Amino acid sequence: MAIDLDSLSIPELRTLIADAQEKISEKNETTKRELLEEMEKLAEQRGVDLAAVIALRKGKGRKSIIPPKYQNSNDPTQSWSGRGRKPKWVKEHLEGGGDLEDLAIK
């Protein structure tokens, strides 16, 4: 089905775009539902809970927790792993002439 876009007015083109986007959304939702049904059937055939399989996938990409290397001597609830931007309390300590090793957790 070929549409002569040159013959359409701007409002007609906008309507065509809106209609096409709506149709894409509809087809996308239909495809997702069909895929979910297929995955549920496959999981059932294999004797596996689909929710458990999906939970495995969600676990990927999680960052591991890095233990802190430095702790604020004035407020022990504040700590820093040594990665990323220095916290304000570390900057203040260093600007006051302190050494980073003074804050190291031993």
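View 1. K23 and E26 are three residues apart in helix α1, about one turn of the helix. The model is predicted, so local features need pLDDT of at least 70 and side-chain atom pairs count only at pLDDT 80 or more, whereas totals for chains, interfaces and linings use all residues. Residues are numbered from 1 along each chain as its sequence is written, and side-chain values use heavy atoms, with hydrogens and water left out.

**View 2. The salt bridge between K32 and E29 in helix α1.** The side chains of K32 and E29 meet at 3.4 Å, N to O, and the two residues, three apart in helix α1, are separated by about one helical turn. K32 is partly exposed because its relative accessible area is 46%, and E29 is partly exposed at 38% relative accessibility.

**View 3. The salt bridge between E92 and K88 in helix α3.** Here the closest N and O atoms of E92 and K88 are 4.0 Å apart, and both residues lie in helix α3 (residues 88–95), four residues apart, about one turn of the helix. E92 is partly exposed with a relative accessible area of 44%, whereas K88, at 63% relative accessibility, counts as exposed. By the salt-bridge rule, the count comes to three.

**View 4. The negative surface patch that includes E34.** E34, E37, E38, E40 and E44 form a negative surface patch, a term for residues with over 30% relative accessible area and no salt bridge, in which like charges are joined within 9 Å and nonpolar side chains (Val, Leu, Ile, Met, Phe, Trp, Tyr) within 5 Å. E34 lies in helix α1 (residues 10–46) and is partly exposed, at 44% relative accessibility.

**View 5. The span of helix α1 and the residue that follows.** Helix α1, a DSSP run (H or I, at least four residues), has 37 residues and reaches 53 Å from its first C-alpha to its last, close to the 54 Å expected at 1.5 Å a residue. G47 follows α1 and has a positive phi, near 75°.

Methods. Areas by Shrake-Rupley, 256 points an atom, 1.4 Å probe, with all protein chains shown as cover. Lys, Arg positive; Asp, Glu negative; His and termini not counted. Charge placed at Lys NZ, Arg CZ, Asp CG, Glu CD. Buried < 20%, exposed > 50% of the residue type's maximum accessible area, 1.4 Å probe, protein only. Expected span 1.5 Å × (residues − 1).
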